[in-house]
Amino acid sequence: MTLAFESPLRRALYRALHDPLTGLANRGLLMDQLGQALARARRRPGSGAVAVLFLDLDRFKVVNDSLGHAVGDDLLVEVARRLEWVMRSADTVGRLGGDEFVVLVEDVAGVDEVLALARRLRQAVAAPITVAAGQRVVVTASVGIALAAGGADGAGNADGAGNADGAGNAEGAPVTATPSSLLWDADVAMYRAKDAGRDRIQLFEEGLRAGSLGRFRSEAMLRHALAHGDLRLYYQPLVDLRSGGLAGAEALVRLQHPDGRLVPPAEFIPVAEETGLVVPLGAWVVAEAAAQAAAWQALQPVGSPPMTVSVNLSGRQLLTPGFAVEVGASIARRGADASHLCFEITETTLLDATGDSVATLERLKELGVALAIDDFGTGHSSLTWLRRLPADFLKVDRTFVAGLGTDPGDTAIVRAVLDLGQALGLTTVAEGVETPEQLVALRDLGCDWAQGYHLARPGPAEDVTTLLKNGTRW
């Protein structure tokens, strides 16, 4: 609360140094406090370590999108209050923006002390929070820790006890660390905690910095590719197991590296998701796939089954305002028939889906495109989404297909998924068919379509065009 006798200058100074929503230190004040803490550690060789804990709320966007930004703001304020309650008055708690919080602690005796503190912070955040209309919300936090070793021993082992503590050596950075470098290291460790499954604690290691630099190089490479047209689409044929003919193709994006090699999606899609570049990347893929669908459509005899072109969608795309409208415009501009396009959504994406995501999928269906649930059997809400989502295709995950004929458990799972899909009137598709035995087993089980290296590897559109013109059978 602002007191009447406070001067305008004091109020202006406070606003300049604090987050307007939570009242916590903002980035400017936090960096200043961190700089002073490191300076004190340099002047006092016998002091303990300086620790930075970087906290990011897990799936906060789902709360914001489903309950509204006002509820999201209330939740952030409550999280800030809890963090302050756990910390000592001499410690600094700051908010960098969004759902990112930072805690600065001085004179830390060692790794055990900072890990114990991180666990208390995580537990405080995870306690249920009552928001508007008495609704209880539970959020978790991923925590990254970086240490600048003072005179005390800043190194030690994090044994990973408990399901949420990352393991690894915590080598305290020298006292010559800068505020920016220490915050960077804690941020990198936090991302590793996210990658490991969220709701975890991760101590910074030197190897993490190398991985982070690699991520930034991938981001720069992707931005360059988007700006200079260095993206390529490869297509993997989809085979109709009943007729043996070509049923469609899945569009798979590749990046043309300056050295001439094609970079596989595993090397840049995670970065695209993390940075939001998946939105412009996805728009390019949809446009190119629609144009190719129109070209293949023109080669097919009148009345023949549509040559389906499948495109993978991400959760970020589904939450992009106007996404369905842009898809419709892209299809129209390229003269494609919407029924020749299929959008694939993984069960992991569906797990994080909100009301807005579902509304976007429904609008896509209204355009006439097909929808597929990809990687079926690996998520946590399969049957729920089969009831809610107007899907057309059900894709059996490759991990189960791999065990066909050799693992009775995998065979039973594939049979159950195929029976379920057929009972619901969905076209079933098996991914990752690598051997003749798997193909025979899928045909015996009544699977509709299949794809995999045993049938055909991904290749340029021209390869699929040749298969289409030749009327290839498998």
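The model is predicted. The chain has 474 residues, and 50% of them are buried. Its secondary structure comprises 18 helices and 18 strands.

**Chain as a whole**
- Among contacts in the chain with a separation of 6 or more, 69% are between residues 24 or more positions apart.
- The chain has an accessible surface of about 21,500 Å², and carbon and sulfur atoms contribute 54% of that surface.

**Strand β15 and its partners**
- Strand β15 spans residues 370-376, and six of its seven residues are buried, leaving the strand mostly covered.
- Strand β14 (residues 341-346) runs parallel to β15 and is joined to it by five bridges.
- Within this pairing, Ala370 of β15 lies opposite Cys342.
- Strand β16 (residues 393-396) is also paired with β15 in the parallel sense, through three bridges.
- Phe376 has Val396 in β16 as its bridge partner.

**Packing of helices α2 and α6**
- Helix α2 covers residues 27-43 and helix α6 covers residues 179-195; their axes are 9 Å apart and meet at an angle of about 110°.
- Because angles of 65 to 115 degrees count as roughly perpendicular, α2 and α6 are described as roughly perpendicular to each other.
- On the α2 side, the contact is made by Arg27, Met31, Leu34, Gly35 and Leu38, while α6 contributes Pro179, Ser180, Leu182 and Leu183.
- By class, the contact of α2 with α6 contains six nonpolar, two polar and one charged residues.

Conventions
Residues are numbered from 1 along each chain as its sequence is written. This is a predicted model: local features need pLDDT of at least 70, side-chain atom pairs count only at pLDDT 80 or more; totals for chains, interfaces and linings use all residues. Side-chain values use heavy atoms; hydrogens and water are left out. Buried means under 20% relative accessible area, exposed over 50%, partly exposed in between (1.4 Å probe, protein chains only). Helices (H or I, at least four residues) and strands (E, at least two) are DSSP runs, numbered from the N terminus. Two strands pair if DSSP finds at least two bridges between them. Axes are lines fitted to C-alpha atoms, for helices over the stretch in contact, and angles run from 0 to 180 degrees between N-to-C directions. Angles under 35 degrees count as roughly parallel, over 145 as roughly antiparallel, 65 to 115 as roughly perpendicular and the rest as oblique. Contact means heavy atoms within 4.5 Å. Ala, Val, Leu, Ile, Met, Phe, Trp, Tyr, Cys and Pro count as nonpolar, Asp, Glu, Lys and Arg as charged, and the others, Gly among them, as polar. Accessible areas come from the Shrake-Rupley method with a 1.4 Å probe; for residues, only the protein chains shown count as cover.
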